[in-house]
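Here is a short briefing on one chain.

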Amino acid sequence: MSDAPVLFQTLPAANGMQLGVATLNSEKTLNALSKEMVHLLGKQLHAWDEDDSIAMVVLQAAGEKAFCAGGDLQNLYASMREHHASDKKDDLLGNAYALDFFEQEYRLDYQIHTFRKPILCWGHGIVMGGGIGLMAGASHRVVTEKSRLAMPEIAIGLFPDVGGTWFLNRMPGKLGLFLALTGANINASDAVFVKLADLQLPHESKAELLARLQACEWSRQAENNHLRLSHVLHEQQRNANVVISAGPLRQHFDLINQLCSAADLGTIIGNICQLDASVVNDDIWLQKAVTSLQKGSPTSAWLAHALQERGKHLSLAEIFRMELVAALACAQGHDFAEGIRALIVDKDQKPQWLPGSLDALQPRDGERYFARLWAAEQHPLRDLGVGENMQKRAA
């Protein structure tokens with residue numbers, strides 16, 4: 001097998017059509033998304049969109065452990081360390097690597113959201129952060145019995161980006177805010193419940209599914225192919241006799257809504273962290289969620305909440321533009337680099353957040369995350385939304 005970070009192939013199908021298959025190929029890093037992978041995926045998706053013989057695209061990953069465990073943070077961390085030591089440390093635009101990384105990643109995510117043809121994303125194993133960014137916009141999203149999804153950015157001083165402001169806000173009740181604040185991971189059942197996935201299938205059925213897709217009578221009409229793929233997936237699920245039971249997120253739906261319904265963030269965090277011991281002690285999933293919030297960056301919690309509040313009525317394109325500014329502010333600030341150091345570089349698991357509590361966060365501290373860095377016509381993502389073609393999810 002090639003050592004290229006993304007592998008591309010086409011599979012022959014009926015009527016002279018083809019399936020495009022993109023495979024994330026960095027198994028040792030749990031397919032963490034690098035700049036090179038982003039570039040390769042974006043370029044190939046554009047080519048497949050222009051090729052009338054390509055009926056649909058399959059997005060998958062090498063290995064059994066992860067579809068994509070997030071963004072490749074090592075180079076980003078090095079760029080932040082260099083930036084913080086430079087004479088441009090107070091300049092949000094001074095870190096050229098971070099600007100390019102986030103701009104290209106968000107551009108790819110948006111490309112997937114608005115892709116004209118069907119994209120089947122096989123989200124097996126770990127799907128976190130940037131991996132959810134890839135998966136969320138696919139027209140048909142499959143999870144398996146081994147899928148574990150999370151937006152754990154609070155642990156590294158970032159926020160649920162890659163369009164997280166968009167899809168977290170569209171989850172039932174207050175579940176999106178709870179997931180942003182706690183970084184809690186969810187199983188396949190809960191992924192379908194909160195609309196991060198469309199169907200659950202056994203991982204062992206993947207080869208059979210691909211064979212069926214190759215045998216399909218595809219057309220050159222994207223709309224017809226969306227419906228055709230939906231039909232095949234639903235039939236595959238019925239044939240597999242998949243039994244889906246409620247996951248912990250759905251089981252705690254009423255409790256989470258109660259905890260997160262306060263008007264101010266401080267009260268919400270207090271509600272979660274002060275959960276009755278009789279409830280938490282018997283529930284490992286809740287224990288981990290509470291602990292993650294308690295140990296996480298207070299600034300990240302504030303920012304995740306602020307973004308969801310500001311993003312309620314924004315378009316997807318507007319949200320990506322807003323998130324780009326917030327991401328650059330995180331790269332320029334303290335907590336993002338400190339979180340990566342503590343969890344990934346030094347691995348001492350002891351990040352020193354600044355400020356150390358939500359109460360110590362001053363209003364002016366938050367202004368830079370929503371600064372006007374460019375005029376509207378100069379924003380790097382200004383072209384997103386022009387001729388927008390948001391696909392209706394057919395699955």
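A residue counts as buried when its relative accessible area is under 20%, and as exposed when that area is over 50%. The model is predicted. By that cut-off, strand β3, residues 54-61, is mostly covered: 8 of its 8 residues are buried.

**Strand β3 and its partners**
- Strand β2 covers residues 18-24 and pairs with β3 in the parallel sense.
- The β2–β3 pairing runs over 7 bridges.
- L59 has C121 in β5 as its bridge partner.

**The crossover**
- Helix α1 spans residues 35-50.
- Together, β2, α1 and β3 make a β-α-β unit, and the unit is right-handed.

**The chain as a whole**
- The chain holds 17 helices and 9 strands.
- Its C-alpha trace spans about 65 × 50 × 40 Å along the principal axes.
- The radius of gyration is 21 Å, which agrees with the value near 21 Å for a compact globule of 395 residues.

**Burial, contacts and surface**
- Of the 395 residues in the chain, 55% are buried.
- Take contacts between residues at least 6 apart in sequence: 74% of them join residues at least 24 apart.
- The chain exposes about 17,300 Å².

Notes:
Residues are numbered from 1 along each chain as its sequence is written. This is a predicted model: local features need pLDDT of at least 70, side-chain atom pairs count only at pLDDT 80 or more; totals for chains, interfaces and linings use all residues. Side-chain values use heavy atoms; hydrogens and water are left out. Buried means under 20% relative accessible area, exposed over 50%, partly exposed in between (1.4 Å probe, protein chains only). Helices (H or I, at least four residues) and strands (E, at least two) are DSSP runs, numbered from the N terminus. Two strands pair if DSSP finds at least two bridges between them. A crossover is right-handed if, with the strands pointing away from the viewer, the path from the first strand over the helix to the second runs clockwise. The radius of gyration is taken over C-alpha atoms; the globule rule is 2.2 Å times the number of residues to the power 0.38. Contact means heavy atoms within 4.5 Å. Accessible areas come from the Shrake-Rupley method with a 1.4 Å probe; for residues, only the protein chains shown count as cover.
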